Amino acid sequence: MSVTDHVDLERFVAGVHKRNPGQPEYVQAVREVAEDVFDYIADKEQYHEYQILRRIAEPDRVVSFRVCWEDDNGNIRVQRGWRVQNNNAIGPYKGGLRFHPSVTESILKFLAFEQTFKNSLTGLPMGGAKGGANFNPRGKSDHEVMRFCQSFMTELYRHVGADVDVPAGDIGVGPREIGFMFGQYKRITNQFTGVLTGKALEFGGSLIRPEATGYGVVYFLQDMLERRGDTVEGKVAVVSGSGNVALHAAEKLSQLGAKVVTLSDSDGFVHDPSGIDAEKLAWVKALKSNRRGRIAEYVDRFPGATFHAGQRPWAVPCELALPCATQNELTGDDARTLVANGCIAVAEGANMPTDLDGVHVFKDERILFAPGKAANAGGVAVSGLEMSQNSARISWSEEQLRQHLIDIMRGIHERCVAYGAVPGGDGHVDYVRGANIAGFVKVADAMLAFGVV
Ligand code: NDP
(Lines give C-alpha, C1' and ligand atoms only; values in the text may rest on other atoms or scores of the structure.)
Protein backbone atom coordinates (compact mmCIF):
# COMPACT_ATOMS: atom_id res chain seq x y z
CA MET A 1 0.00 0.00 0.00
CA SER A 2 1.39 3.43 -0.93
CA VAL A 3 1.86 6.16 1.68
CA THR A 4 -1.06 8.13 0.16
CA ASP A 5 -3.33 5.08 0.38
CA HIS A 6 -2.26 4.52 3.96
CA VAL A 7 -3.17 8.10 4.86
CA ASP A 8 -6.53 7.64 3.10
CA LEU A 9 -7.13 4.41 5.03
CA GLU A 10 -6.42 6.08 8.37
CA ARG A 11 -8.71 8.99 7.43
CA PHE A 12 -11.45 6.56 6.42
CA VAL A 13 -11.16 4.56 9.66
CA ALA A 14 -11.13 7.78 11.70
CA GLY A 15 -14.42 8.73 10.01
CA VAL A 16 -15.96 5.35 10.84
CA HIS A 17 -14.78 5.78 14.43
CA LYS A 18 -16.30 9.27 14.65
CA ARG A 19 -19.65 8.20 13.22
CA ASN A 20 -19.85 5.16 15.51
CA PRO A 21 -18.78 6.34 18.96
CA GLY A 22 -18.42 3.63 21.61
CA GLN A 23 -18.57 0.83 19.02
CA PRO A 24 -15.05 -0.67 19.04
CA GLU A 25 -15.96 -4.09 17.60
CA TYR A 26 -17.67 -2.46 14.64
CA VAL A 27 -14.71 -0.16 13.91
CA GLN A 28 -12.35 -3.14 14.26
CA ALA A 29 -14.30 -5.21 11.71
CA VAL A 30 -14.47 -2.33 9.21
CA ARG A 31 -10.76 -1.63 9.59
CA GLU A 32 -9.86 -5.27 8.96
CA VAL A 33 -11.74 -5.27 5.66
CA ALA A 34 -10.66 -1.76 4.69
CA GLU A 35 -6.95 -2.63 5.11
CA ASP A 36 -7.25 -5.06 2.20
CA VAL A 37 -9.93 -3.39 0.11
CA PHE A 38 -8.19 0.03 0.07
CA ASP A 39 -5.17 -1.51 -1.55
CA TYR A 40 -7.26 -3.43 -4.08
CA ILE A 41 -9.42 -0.49 -5.18
CA ALA A 42 -6.54 2.00 -5.32
CA ASP A 43 -6.59 2.03 -9.14
CA LYS A 44 -10.30 1.27 -9.63
CA GLU A 45 -11.93 4.65 -10.06
CA GLN A 46 -15.56 3.46 -10.19
CA TYR A 47 -15.51 2.14 -6.64
CA HIS A 48 -14.21 5.49 -5.40
CA GLU A 49 -16.59 7.57 -7.47
CA TYR A 50 -19.58 5.65 -6.13
CA GLN A 51 -18.23 5.61 -2.54
CA ILE A 52 -18.80 1.87 -2.35
CA LEU A 53 -16.79 1.09 0.78
CA ARG A 54 -18.20 4.12 2.59
CA ARG A 55 -21.72 2.91 1.75
CA ILE A 56 -21.11 -0.74 2.76
CA ALA A 57 -19.80 0.56 6.08
CA GLU A 58 -23.11 2.30 6.81
CA PRO A 59 -25.83 -0.28 7.63
CA ASP A 60 -29.01 0.00 5.53
CA ARG A 61 -30.86 0.20 8.85
CA VAL A 62 -30.53 -0.62 12.54
CA VAL A 63 -33.77 -1.43 14.35
CA SER A 64 -33.70 -1.43 18.14
CA PHE A 65 -36.67 -2.33 20.31
CA ARG A 66 -37.87 -3.09 23.82
CA VAL A 67 -38.55 -6.71 24.73
CA CYS A 68 -40.69 -7.20 27.85
CA TRP A 69 -41.33 -10.62 29.32
CA GLU A 70 -42.42 -12.14 32.61
CA ASP A 71 -40.16 -14.53 34.55
CA ASP A 72 -41.38 -17.57 36.50
CA ASN A 73 -41.70 -15.48 39.68
CA GLY A 74 -44.02 -12.99 38.03
CA ASN A 75 -41.39 -10.25 37.71
CA ILE A 76 -41.52 -8.08 34.60
CA ARG A 77 -38.16 -8.08 32.84
CA VAL A 78 -37.03 -5.66 30.14
CA GLN A 79 -34.40 -6.44 27.50
CA ARG A 80 -33.22 -4.68 24.34
CA GLY A 81 -33.53 -6.35 20.95
CA TRP A 82 -31.95 -5.37 17.63
CA ARG A 83 -31.91 -6.24 13.96
CA VAL A 84 -29.08 -4.78 11.92
CA GLN A 85 -29.72 -4.99 8.16
CA ASN A 86 -26.36 -4.16 6.69
CA ASN A 87 -26.66 -4.69 2.96
CA ASN A 88 -29.09 -6.44 0.57
CA ALA A 89 -27.34 -5.77 -2.75
CA ILE A 90 -27.10 -9.45 -3.70
CA GLY A 91 -30.11 -10.99 -1.96
CA PRO A 92 -32.49 -10.80 1.01
CA TYR A 93 -30.84 -9.94 4.33
CA LYS A 94 -29.58 -13.05 6.11
CA GLY A 95 -27.75 -13.61 9.38
CA GLY A 96 -28.17 -15.07 12.83
CA LEU A 97 -29.71 -13.94 16.09
CA ARG A 98 -27.57 -13.88 19.23
CA PHE A 99 -28.98 -14.01 22.77
CA HIS A 100 -26.20 -13.25 25.24
CA PRO A 101 -25.75 -10.67 28.02
CA SER A 102 -22.69 -9.28 26.20
CA VAL A 103 -24.72 -8.31 23.10
CA THR A 104 -24.48 -4.63 22.12
CA GLU A 105 -25.29 -2.65 19.00
CA SER A 106 -21.57 -2.54 18.20
CA ILE A 107 -21.27 -6.33 18.26
CA LEU A 108 -24.33 -6.82 16.07
CA LYS A 109 -23.14 -4.18 13.61
CA PHE A 110 -19.75 -5.87 13.29
CA LEU A 111 -21.44 -9.23 12.80
CA ALA A 112 -23.84 -7.85 10.15
CA PHE A 113 -20.92 -6.20 8.34
CA GLU A 114 -18.88 -9.43 8.35
CA GLN A 115 -21.95 -11.39 7.29
CA THR A 116 -22.26 -9.28 4.13
CA PHE A 117 -18.87 -10.48 2.86
CA LYS A 118 -19.32 -14.02 4.13
CA ASN A 119 -22.64 -14.46 2.37
CA SER A 120 -21.16 -13.04 -0.81
CA LEU A 121 -18.30 -15.57 -0.61
CA THR A 122 -20.71 -18.52 -0.55
CA GLY A 123 -21.83 -17.67 -4.10
CA LEU A 124 -25.47 -17.78 -2.96
CA PRO A 125 -27.84 -14.80 -3.27
CA MET A 126 -27.91 -13.54 0.33
CA GLY A 127 -27.39 -10.08 1.82
CA GLY A 128 -25.93 -9.44 5.27
CA ALA A 129 -27.71 -8.90 8.60
CA LYS A 130 -27.50 -9.85 12.27
CA GLY A 131 -29.67 -9.41 15.32
CA GLY A 132 -30.27 -10.47 18.85
CA ALA A 133 -30.79 -9.28 22.38
CA ASN A 134 -28.94 -8.79 25.65
CA PHE A 135 -30.91 -11.71 27.08
CA ASN A 136 -29.14 -14.54 28.89
CA PRO A 137 -30.85 -17.91 28.29
CA ARG A 138 -28.47 -19.50 30.83
CA GLY A 139 -30.33 -20.57 33.95
CA LYS A 140 -33.75 -19.71 32.50
CA SER A 141 -36.57 -22.25 32.40
CA ASP A 142 -38.00 -23.41 29.06
CA HIS A 143 -41.11 -21.36 29.78
CA GLU A 144 -39.10 -18.22 30.42
CA VAL A 145 -37.16 -18.71 27.19
CA MET A 146 -40.45 -19.27 25.33
CA ARG A 147 -41.99 -16.08 26.70
CA PHE A 148 -38.88 -14.11 25.82
CA CYS A 149 -38.74 -15.52 22.26
CA GLN A 150 -42.43 -14.79 21.69
CA SER A 151 -42.05 -11.22 22.90
CA PHE A 152 -38.92 -10.75 20.77
CA MET A 153 -40.71 -12.00 17.63
CA THR A 154 -43.77 -9.85 18.35
CA GLU A 155 -41.63 -6.88 17.30
CA LEU A 156 -39.17 -8.57 14.95
CA TYR A 157 -41.89 -9.94 12.65
CA ARG A 158 -42.43 -6.44 11.19
CA HIS A 159 -38.89 -6.36 9.84
CA VAL A 160 -38.36 -9.90 8.49
CA GLY A 161 -39.88 -12.17 5.84
CA ALA A 162 -38.89 -14.97 3.47
CA ASP A 163 -37.96 -12.46 0.72
CA VAL A 164 -36.95 -9.63 3.04
CA ASP A 165 -34.75 -10.86 5.85
CA VAL A 166 -34.26 -14.43 7.07
CA PRO A 167 -32.65 -14.75 10.53
CA ALA A 168 -31.06 -17.94 11.90
CA GLY A 169 -29.40 -19.05 15.16
CA ASP A 170 -26.13 -17.92 16.71
CA ILE A 171 -24.77 -17.88 20.27
CA GLY A 172 -27.63 -18.67 22.66
CA VAL A 173 -30.10 -19.32 19.83
CA GLY A 174 -30.46 -22.99 18.91
CA PRO A 175 -33.32 -25.24 17.76
CA ARG A 176 -35.39 -24.54 20.89
CA GLU A 177 -35.34 -20.76 20.42
CA ILE A 178 -35.85 -21.00 16.63
CA GLY A 179 -38.92 -23.21 17.27
CA PHE A 180 -40.45 -20.71 19.70
CA MET A 181 -39.81 -17.78 17.36
CA PHE A 182 -41.10 -19.58 14.26
CA GLY A 183 -44.26 -20.56 16.16
CA GLN A 184 -44.87 -16.94 17.13
CA TYR A 185 -44.21 -15.62 13.60
CA LYS A 186 -46.67 -18.13 12.17
CA ARG A 187 -49.24 -17.24 14.79
CA ILE A 188 -49.00 -13.47 14.17
CA THR A 189 -48.88 -13.54 10.37
CA ASN A 190 -50.87 -16.70 9.67
CA GLN A 191 -48.21 -17.59 7.11
CA PHE A 192 -46.03 -20.68 6.88
CA THR A 193 -42.96 -19.40 5.06
CA GLY A 194 -39.22 -19.86 5.32
CA VAL A 195 -38.77 -16.80 7.52
CA LEU A 196 -36.15 -18.45 9.75
CA THR A 197 -33.50 -21.07 9.09
CA GLY A 198 -32.12 -23.62 11.50
CA LYS A 199 -35.65 -24.98 11.93
CA ALA A 200 -36.32 -28.54 13.06
CA LEU A 201 -36.84 -31.09 10.28
CA GLU A 202 -40.56 -31.44 11.09
CA PHE A 203 -41.34 -27.88 10.00
CA GLY A 204 -39.02 -27.06 7.12
CA GLY A 205 -35.53 -27.46 8.51
CA SER A 206 -32.67 -28.82 6.44
CA LEU A 207 -30.59 -31.91 7.03
CA ILE A 208 -26.97 -31.20 8.03
CA ARG A 209 -27.70 -27.58 9.06
CA PRO A 210 -26.61 -28.30 12.67
CA GLU A 211 -23.31 -29.79 11.50
CA ALA A 212 -22.68 -27.39 8.62
CA THR A 213 -20.65 -24.61 10.28
CA GLY A 214 -18.27 -26.86 12.23
CA TYR A 215 -17.87 -29.39 9.42
CA GLY A 216 -17.38 -26.57 6.91
CA VAL A 217 -14.55 -25.09 9.00
CA VAL A 218 -12.72 -28.41 8.87
CA TYR A 219 -13.37 -28.85 5.13
CA PHE A 220 -11.81 -25.42 4.59
CA LEU A 221 -8.85 -26.33 6.81
CA GLN A 222 -8.39 -29.53 4.78
CA ASP A 223 -8.46 -27.54 1.54
CA MET A 224 -5.74 -25.19 2.85
CA LEU A 225 -3.55 -28.08 4.00
CA GLU A 226 -4.15 -30.06 0.81
CA ARG A 227 -2.74 -27.19 -1.26
CA ARG A 228 0.50 -27.79 0.63
CA GLY A 229 0.29 -31.56 0.21
CA ASP A 230 -0.67 -31.99 3.87
CA THR A 231 -3.74 -33.16 5.82
CA VAL A 232 -5.30 -32.89 9.30
CA GLU A 233 -4.71 -36.58 9.96
CA GLY A 234 -2.48 -37.28 12.96
CA LYS A 235 -2.31 -33.63 14.03
CA VAL A 236 -3.07 -32.24 17.50
CA ALA A 237 -5.90 -29.68 17.48
CA VAL A 238 -6.87 -27.11 20.07
CA VAL A 239 -10.54 -26.06 19.88
CA SER A 240 -12.25 -23.36 21.95
CA GLY A 241 -15.97 -23.24 22.74
CA SER A 242 -18.31 -26.16 23.37
CA GLY A 243 -21.36 -25.02 21.45
CA ASN A 244 -22.72 -25.89 18.04
CA VAL A 245 -19.67 -24.82 16.04
CA ALA A 246 -16.98 -26.16 18.39
CA LEU A 247 -18.54 -29.58 18.88
CA HIS A 248 -19.14 -30.22 15.19
CA ALA A 249 -15.67 -28.97 14.25
CA ALA A 250 -14.20 -31.29 16.88
CA GLU A 251 -16.35 -34.15 15.59
CA LYS A 252 -15.17 -33.74 11.98
CA LEU A 253 -11.52 -33.32 13.06
CA SER A 254 -11.75 -36.52 15.04
CA GLN A 255 -13.43 -38.37 12.13
CA LEU A 256 -10.55 -37.30 9.89
CA GLY A 257 -7.93 -38.61 12.30
CA ALA A 258 -6.85 -35.45 14.17
CA LYS A 259 -6.55 -35.48 17.95
CA VAL A 260 -8.67 -32.77 19.61
CA VAL A 261 -7.30 -32.00 23.07
CA THR A 262 -9.32 -29.02 24.36
CA LEU A 263 -12.83 -27.55 24.59
CA SER A 264 -13.97 -24.51 26.56
CA ASP A 265 -16.81 -22.28 27.68
CA SER A 266 -16.90 -18.90 29.39
CA ASP A 267 -15.80 -20.50 32.70
CA GLY A 268 -12.52 -21.95 31.37
CA PHE A 269 -11.15 -24.82 29.27
CA VAL A 270 -10.62 -28.57 29.62
CA HIS A 271 -7.41 -30.23 28.43
CA ASP A 272 -7.57 -33.93 27.66
CA PRO A 273 -4.14 -35.06 26.38
CA SER A 274 -5.50 -38.47 25.39
CA GLY A 275 -7.88 -36.83 22.89
CA ILE A 276 -11.59 -36.00 22.88
CA ASP A 277 -12.86 -38.83 20.69
CA ALA A 278 -16.34 -39.59 19.33
CA GLU A 279 -17.54 -41.20 22.54
CA LYS A 280 -16.40 -38.30 24.71
CA LEU A 281 -17.88 -35.79 22.25
CA ALA A 282 -21.23 -37.58 22.42
CA TRP A 283 -21.12 -37.16 26.20
CA VAL A 284 -20.34 -33.41 25.88
CA LYS A 285 -23.15 -32.96 23.35
CA ALA A 286 -25.62 -34.54 25.77
CA LEU A 287 -24.23 -32.45 28.64
CA LYS A 288 -24.72 -29.24 26.66
CA SER A 289 -28.05 -29.94 25.01
CA ASN A 290 -30.02 -32.01 27.55
CA ARG A 291 -28.74 -30.60 30.81
CA ARG A 292 -27.26 -27.33 29.54
CA GLY A 293 -24.25 -28.18 31.72
CA ARG A 294 -20.80 -26.63 32.05
CA ILE A 295 -17.60 -27.91 30.43
CA ALA A 296 -15.90 -28.14 33.87
CA GLU A 297 -18.02 -31.28 34.48
CA TYR A 298 -15.92 -33.07 31.83
CA VAL A 299 -13.08 -33.74 34.28
CA ASP A 300 -15.42 -35.55 36.72
CA ARG A 301 -16.44 -37.91 33.92
CA PHE A 302 -12.97 -38.25 32.31
CA PRO A 303 -10.38 -38.05 35.11
CA GLY A 304 -7.33 -37.92 32.78
CA ALA A 305 -8.39 -34.38 31.84
CA THR A 306 -7.74 -31.10 33.67
CA PHE A 307 -9.90 -27.97 33.97
CA HIS A 308 -8.32 -24.51 33.78
CA ALA A 309 -10.71 -21.98 35.28
CA GLY A 310 -10.90 -18.55 33.65
CA GLN A 311 -8.33 -19.44 30.98
CA ARG A 312 -8.30 -19.92 27.23
CA PRO A 313 -6.60 -22.91 25.61
CA TRP A 314 -4.06 -21.20 23.32
CA ALA A 315 -0.98 -22.11 25.42
CA VAL A 316 -1.61 -25.84 24.87
CA PRO A 317 0.89 -26.98 22.19
CA CYS A 318 -0.80 -27.90 18.92
CA GLU A 319 -0.45 -27.90 15.16
CA LEU A 320 -4.03 -26.80 14.46
CA ALA A 321 -6.02 -24.14 16.33
CA LEU A 322 -9.76 -23.57 15.89
CA PRO A 323 -11.24 -20.67 17.87
CA CYS A 324 -14.97 -21.48 17.91
CA ALA A 325 -16.41 -19.53 20.88
CA THR A 326 -16.66 -15.76 20.43
CA GLN A 327 -15.07 -12.53 19.17
CA ASN A 328 -11.63 -11.36 20.33
CA GLU A 329 -10.91 -14.56 22.25
CA LEU A 330 -7.44 -14.91 20.69
CA THR A 331 -5.07 -11.97 21.19
CA GLY A 332 -1.74 -11.03 19.65
CA ASP A 333 0.09 -12.65 22.58
CA ASP A 334 -1.96 -15.84 22.15
CA ALA A 335 -1.08 -15.83 18.45
CA ARG A 336 2.64 -15.48 19.23
CA THR A 337 2.38 -18.36 21.73
CA LEU A 338 0.64 -20.58 19.16
CA VAL A 339 3.27 -19.87 16.52
CA ALA A 340 6.12 -20.43 19.01
CA ASN A 341 4.58 -23.79 19.96
CA GLY A 342 4.54 -25.00 16.35
CA CYS A 343 1.00 -24.24 15.23
CA ILE A 344 0.86 -24.37 11.42
CA ALA A 345 -2.80 -23.59 10.71
CA VAL A 346 -5.62 -21.61 12.32
CA ALA A 347 -9.22 -21.82 11.12
CA GLU A 348 -11.76 -19.47 12.71
CA GLY A 349 -15.08 -21.13 13.55
CA ALA A 350 -16.28 -18.08 15.49
CA ASN A 351 -16.74 -14.62 14.01
CA MET A 352 -13.67 -12.36 14.47
CA PRO A 353 -12.23 -14.50 17.32
CA THR A 354 -8.71 -13.20 16.58
CA ASP A 355 -8.07 -9.56 17.43
CA LEU A 356 -6.32 -7.28 14.93
CA ASP A 357 -2.92 -7.76 16.57
CA GLY A 358 -3.36 -11.54 16.34
CA VAL A 359 -4.39 -11.31 12.68
CA HIS A 360 -1.22 -9.36 11.92
CA VAL A 361 0.91 -11.97 13.75
CA PHE A 362 -0.56 -14.82 11.70
CA LYS A 363 -0.22 -12.84 8.47
CA ASP A 364 3.39 -11.85 9.19
CA GLU A 365 4.37 -15.37 10.24
CA ARG A 366 2.74 -16.69 7.06
CA ILE A 367 0.99 -19.56 8.76
CA LEU A 368 -2.23 -20.88 7.17
CA PHE A 369 -4.89 -18.58 8.59
CA ALA A 370 -8.54 -18.92 7.57
CA PRO A 371 -10.68 -15.95 8.68
CA GLY A 372 -14.18 -16.67 9.97
CA LYS A 373 -15.92 -15.01 7.07
CA ALA A 374 -14.50 -17.73 4.81
CA ALA A 375 -14.03 -20.71 7.13
CA ASN A 376 -17.34 -20.60 8.98
CA ALA A 377 -19.51 -19.78 5.96
CA GLY A 378 -20.76 -23.38 5.73
CA GLY A 379 -23.52 -22.65 8.22
CA VAL A 380 -25.06 -19.77 6.33
CA ALA A 381 -24.51 -21.67 3.07
CA VAL A 382 -26.68 -24.55 4.23
CA SER A 383 -29.13 -21.98 5.61
CA GLY A 384 -29.25 -20.64 2.04
CA LEU A 385 -30.00 -24.17 0.86
CA GLU A 386 -32.73 -24.40 3.53
CA MET A 387 -34.27 -21.24 2.01
CA SER A 388 -34.18 -22.82 -1.45
CA GLN A 389 -35.83 -26.00 -0.17
CA ASN A 390 -38.52 -23.99 1.63
CA SER A 391 -39.26 -21.91 -1.47
CA ALA A 392 -39.51 -24.99 -3.66
CA ARG A 393 -41.33 -26.94 -0.91
CA ILE A 394 -38.95 -29.87 -1.20
CA SER A 395 -36.32 -31.57 0.96
CA TRP A 396 -32.93 -32.65 -0.31
CA SER A 397 -31.19 -35.79 0.92
CA GLU A 398 -28.32 -35.78 3.37
CA GLU A 399 -25.94 -36.92 0.64
CA GLN A 400 -26.99 -34.12 -1.74
CA LEU A 401 -26.56 -31.51 0.97
CA ARG A 402 -23.23 -32.85 2.17
CA GLN A 403 -21.89 -32.66 -1.38
CA HIS A 404 -23.27 -29.11 -1.77
CA LEU A 405 -21.49 -28.10 1.45
CA ILE A 406 -18.18 -29.61 0.34
CA ASP A 407 -18.48 -27.91 -3.07
CA ILE A 408 -19.40 -24.54 -1.56
CA MET A 409 -16.47 -24.63 0.88
CA ARG A 410 -14.16 -25.59 -1.98
CA GLY A 411 -15.55 -22.70 -4.05
CA ILE A 412 -14.89 -20.27 -1.18
CA HIS A 413 -11.37 -21.61 -0.85
CA GLU A 414 -10.76 -21.12 -4.57
CA ARG A 415 -12.07 -17.54 -4.46
CA CYS A 416 -9.74 -16.80 -1.52
CA VAL A 417 -6.78 -18.23 -3.43
CA ALA A 418 -7.70 -16.25 -6.55
CA TYR A 419 -7.68 -12.92 -4.69
CA GLY A 420 -5.23 -13.74 -1.87
CA ALA A 421 -2.22 -15.33 -3.58
CA VAL A 422 0.81 -13.32 -2.45
CA PRO A 423 2.87 -12.11 -5.47
CA GLY A 424 6.32 -13.71 -5.29
CA GLY A 425 5.23 -15.53 -2.14
CA ASP A 426 6.09 -19.07 -3.23
CA GLY A 427 2.45 -20.01 -3.46
CA HIS A 428 1.57 -18.51 -0.07
CA VAL A 429 -2.03 -17.32 0.22
CA ASP A 430 -3.18 -14.44 2.42
CA TYR A 431 -6.64 -15.85 3.10
CA VAL A 432 -7.75 -12.74 4.99
CA ARG A 433 -7.04 -10.56 1.99
CA GLY A 434 -8.51 -13.14 -0.39
CA ALA A 435 -11.76 -13.40 1.58
CA ASN A 436 -12.11 -9.65 2.05
CA ILE A 437 -11.59 -8.81 -1.60
CA ALA A 438 -13.57 -11.71 -3.09
CA GLY A 439 -16.47 -10.94 -0.74
CA PHE A 440 -16.28 -7.23 -1.52
CA VAL A 441 -16.14 -7.42 -5.31
CA LYS A 442 -19.47 -9.20 -5.81
CA VAL A 443 -21.37 -6.85 -3.48
CA ALA A 444 -19.62 -3.78 -4.88
CA ASP A 445 -20.40 -4.66 -8.49
CA ALA A 446 -24.07 -5.20 -7.65
CA MET A 447 -24.12 -1.80 -5.92
CA LEU A 448 -22.57 -0.16 -8.98
CA ALA A 449 -25.36 -1.62 -11.11
CA PHE A 450 -28.01 -0.02 -8.88
CA GLY A 451 -26.53 3.48 -9.05
CA VAL A 452 -26.75 5.71 -6.01
CA VAL A 453 -29.44 4.21 -3.79
P1 NDP B 1 -23.28 -21.62 20.97
O2 NDP B 1 -24.15 -20.75 21.79
O3 NDP B 1 -23.77 -22.94 20.54
O4 NDP B 1 -21.88 -21.84 21.72
C5 NDP B 1 -21.07 -20.76 22.05
C6 NDP B 1 -19.88 -21.28 22.82
O7 NDP B 1 -18.96 -20.22 23.02
C8 NDP B 1 -20.25 -21.79 24.21
O9 NDP B 1 -19.35 -22.80 24.58
C10 NDP B 1 -20.06 -20.53 25.05
O11 NDP B 1 -19.82 -20.77 26.43
C12 NDP B 1 -18.82 -19.94 24.42
N13 NDP B 1 -18.81 -18.50 24.65
C14 NDP B 1 -19.78 -17.60 24.33
N15 NDP B 1 -19.43 -16.38 24.73
C16 NDP B 1 -18.22 -16.52 25.32
C17 NDP B 1 -17.33 -15.62 25.94
N18 NDP B 1 -17.61 -14.32 26.01
N19 NDP B 1 -16.15 -16.12 26.43
C20 NDP B 1 -15.86 -17.45 26.34
N21 NDP B 1 -16.67 -18.35 25.78
C22 NDP B 1 -17.83 -17.88 25.27
O23 NDP B 1 -22.85 -20.73 19.71
P24 NDP B 1 -22.28 -21.19 18.31
O25 NDP B 1 -21.41 -22.39 18.48
O26 NDP B 1 -23.40 -21.24 17.37
O27 NDP B 1 -21.40 -19.92 17.90
C28 NDP B 1 -20.01 -19.81 18.24
C29 NDP B 1 -19.35 -18.79 17.33
O30 NDP B 1 -19.50 -19.21 15.96
C31 NDP B 1 -19.94 -17.38 17.38
O32 NDP B 1 -18.90 -16.44 17.13
C33 NDP B 1 -20.90 -17.36 16.21
O34 NDP B 1 -21.17 -16.04 15.75
C35 NDP B 1 -20.10 -18.17 15.20
N36 NDP B 1 -20.89 -18.75 14.11
C37 NDP B 1 -21.92 -19.61 14.36
C38 NDP B 1 -22.61 -20.18 13.31
C39 NDP B 1 -23.66 -21.21 13.53
O40 NDP B 1 -24.12 -21.81 12.53
N41 NDP B 1 -24.08 -21.50 14.75
C42 NDP B 1 -22.33 -19.80 11.92
C43 NDP B 1 -21.17 -18.97 11.75
C44 NDP B 1 -20.51 -18.45 12.83
P45 NDP B 1 -20.96 -20.41 27.52
O46 NDP B 1 -21.92 -21.55 27.43
O47 NDP B 1 -20.21 -20.36 28.80
O48 NDP B 1 -21.56 -19.09 27.13
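Modeller: Here is a walk through the ligand site. This is a predicted model, in which local features need pLDDT of at least 70 and side-chain atom pairs count only at pLDDT 80 or more, while totals for chains, interfaces and linings use all residues. Residues are numbered from 1 along each chain as its sequence is written, and side-chain values use heavy atoms, with hydrogens and water left out.

Around the ligand sit 25 residues, and D170, T213, S266, R294 and N351 come nearest (a residue is near if one of its heavy atoms lies within 4 Å of the molecule). By class, that shell has 13 polar, seven charged and five nonpolar residues; Ala, Val, Leu, Ile, Met, Phe, Trp, Tyr, Cys and Pro count as nonpolar, Asp, Glu, Lys and Arg as charged, and the others, Gly among them, as polar.

Where do those residues come from? Domain 2 (61–192) and domain 3 (210–375) each give the shell at least three residues, with bounds from an automatic or database domain assignment. In secondary-structure terms, helix 8 (209–227), helix 9 (244–255) and strand 7 (259–265) each supply at least two; helices (H or I, at least four residues) and strands (E, at least two) are DSSP runs, numbered from the N terminus.

Now the polar contacts, meaning pairs of N or O atoms within 3.5 Å. R294 puts a polar side-chain atom 2.5 Å from a ligand oxygen. As for cover, the ligand on its own has 880 Å² of accessible area, and the protein covers 83% of that (Shrake-Rupley method, 1.4 Å probe).

Notes: A polar contact is a pair of N or O atoms within 3.5 Å; within protein, one must be able to donate a hydrogen and the other to accept it, and residues adjacent in sequence count only if both atoms are side-chain atoms.
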